[in-house]
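Reader: I have a model open and want to go through its fold. Can we take it piece by piece?

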Amino acid sequence: MNPAPLSEAPHSASEAVSPDTCTHLTGADHVASLTTALTSLDGQLDTLDRWGRLLADVLCGEHRGRLLAAGNGGSAAQAQHLTAELVGRYRADRPPFSAICLTAETSSLTAIANDYPADELFARQVEAHGRAGDVLVLLSTSGRSPNAVAAARRARECGITVLAMTGPAPNPLVAVADDAVCIDSPWTATVQECHLVALHLVCAAFDAAVLAEPARVPETRLGVAQ
């Protein structure tokens, strides 16, 4: 069986190929696809900044809310990356904040998958850990993952704000989220790479809001930078 043909020549950013015409990307094609897709973030920078400020309001507020995050596959890893940045730190030293990745607790995942319908994988955890006023971030390159859509619906029922990062819109997850950032690319890997940039921009906006003058947290709670 012959392998699928590679693109014969690199493409410029304006000539980024799609899965409809090519099943494999050369290195140059991949970079061109990423360059093109990143432009879809240009008009969404204010949204990402607003998300960072929202998280600061929730996590630093009187009720000390929390962030929940989830996704499947590569998006699961990115959800865990986000929560790690908040429990640890992004750039500036600051106190830790409550952030739970719903894909990281394997006993809960396997118990839910064993005892309940697949759509409950994240939704049941949202109901267990989330409280009204919390924030749920869901990542899905297609925006069509049934367990992510179910989690968004459950969160809304619980009074939890749902922020979605997806691929091209419209899609079912965007339809049920409170707000969304959508990457206009047909390539899963390219969408994930742009999601990572978007997550870092949220973290930067969060840190800026938390550490602005006057700081949201007492100086005595700040750790010592390594």
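**Helix packing**

Author: In this predicted model, helix H2 packs against helix H8 (residues 188-210) with the axes 7 Å apart and an angle of about 50 degrees.

Reader: Is H2 parallel or oblique to H8?

Author: The angle between H2 and H8 is about 50 degrees. Angles under 35 degrees count as roughly parallel, and 65 to 115 as roughly perpendicular. H2 is therefore oblique to H8.

Reader: Is the crossing of H2 and H8 left-handed or right-handed, and which residues of H8 make the contact?

Author: The crossing of H2 and H8 is right-handed. From H2, the contact takes in residues including Leu 45, Trp 51 and Leu 59. From H8, it is made by Ala 198, Leu 201, Val 202, Ala 205, Phe 206, Ala 209 and Val 210.

**The sheet**

Reader: What is the strand order of the open sheet?

Author: The open sheet has 5 strands, with parallel pairing. Neighbouring strands are turned by 15 degrees against each other on average, direction ignored. The order is S2-S1-S3-S4-S5.

Reader: Which strands stand at the edges?

Author: An edge strand here has a single partner strand, so one side is left without a neighbour in the sheet. The edge strands are S2 (99-101) and S5.

Reader: How many bridges join S4 to S5?

Author: S5 covers residues 179-182 and runs parallel to S4. Thr 166 stands opposite Cys 182 in S5. The number of bridges joining S4 to S5 is 4.

Reader: Over how many bridges do S3 and S4 pair?

Author: S3 spans residues 135-140 and pairs with S4 in the parallel sense. Val 135 stands opposite Thr 161 in S4. Leu 139 stands opposite Met 165 in S4. The pairing of S3 and S4 runs over 6 bridges.

Reader: Why is S4 largely enclosed by the rest of the structure?

Author: Buried means under 20% relative accessible area. S4 is largely enclosed because the buried residues number 5 of its 6.

**Helices on the sheet**

Reader: Which helix makes a β-α-β unit with S3 and S4?

Author: The unit is right-handed. The helix lies across S3 and S4, running at about 165 degrees to S3. The helix is H6 (residues 146-157).

Reader: Which strands does H3 lie across?

Author: H3 covers residues 74-87. H3 runs at about 160 degrees to S1.

Reader: Is Thr 83 buried or exposed?

Author: Thr 83 is in helix H3. Leaving out residues up to four places away in sequence, Thr 83 touches Ala 69, Ala 99, Ile 100 and Cys 101. The relative accessibility of Thr 83 is 6%. The cut-off for buried is under 20%, so Thr 83 counts as buried.

**Backbone details in loops**

Reader: What is the relative accessible area of Arg 64?

Author: Arg 64 is found in the loop between H2 (45-59) and strand S1 (67-71). Phi of Arg 64 is near 50 degrees, a positive value in a residue other than glycine. Arg 64 counts as partly exposed, with a relative accessible area of 37%.

Reader: What is omega for the peptide bond from Ala 169 to Pro 170?

Author: Pro 170 is placed in the loop between strand S4 (161-166) and helix H7 (172-176). The bond from Ala 169 to Pro 170 is cis, with omega near 5 degrees.

Technical notes: Residues are numbered from 1 along each chain as its sequence is written. This is a predicted model: local features need pLDDT of at least 70, side-chain atom pairs count only at pLDDT 80 or more; totals for chains, interfaces and linings use all residues. Side-chain values use heavy atoms; hydrogens and water are left out. Helices (H or I, at least four residues) and strands (E, at least two) are DSSP runs, numbered from the N terminus. Buried means under 20% relative accessible area, exposed over 50%, partly exposed in between (1.4 Å probe, protein chains only). Two strands pair if DSSP finds at least two bridges between them. A crossover is right-handed if, with the strands pointing away from the viewer, the path from the first strand over the helix to the second runs clockwise. Contact means heavy atoms within 4.5 Å. Axes are lines fitted to C-alpha atoms, for helices over the stretch in contact, and angles run from 0 to 180 degrees between N-to-C directions. Angles under 35 degrees count as roughly parallel, over 145 as roughly antiparallel, 65 to 115 as roughly perpendicular and the rest as oblique. A crossing is left-handed if the near helix is turned anticlockwise from the far one by less than a right angle, and right-handed if clockwise.
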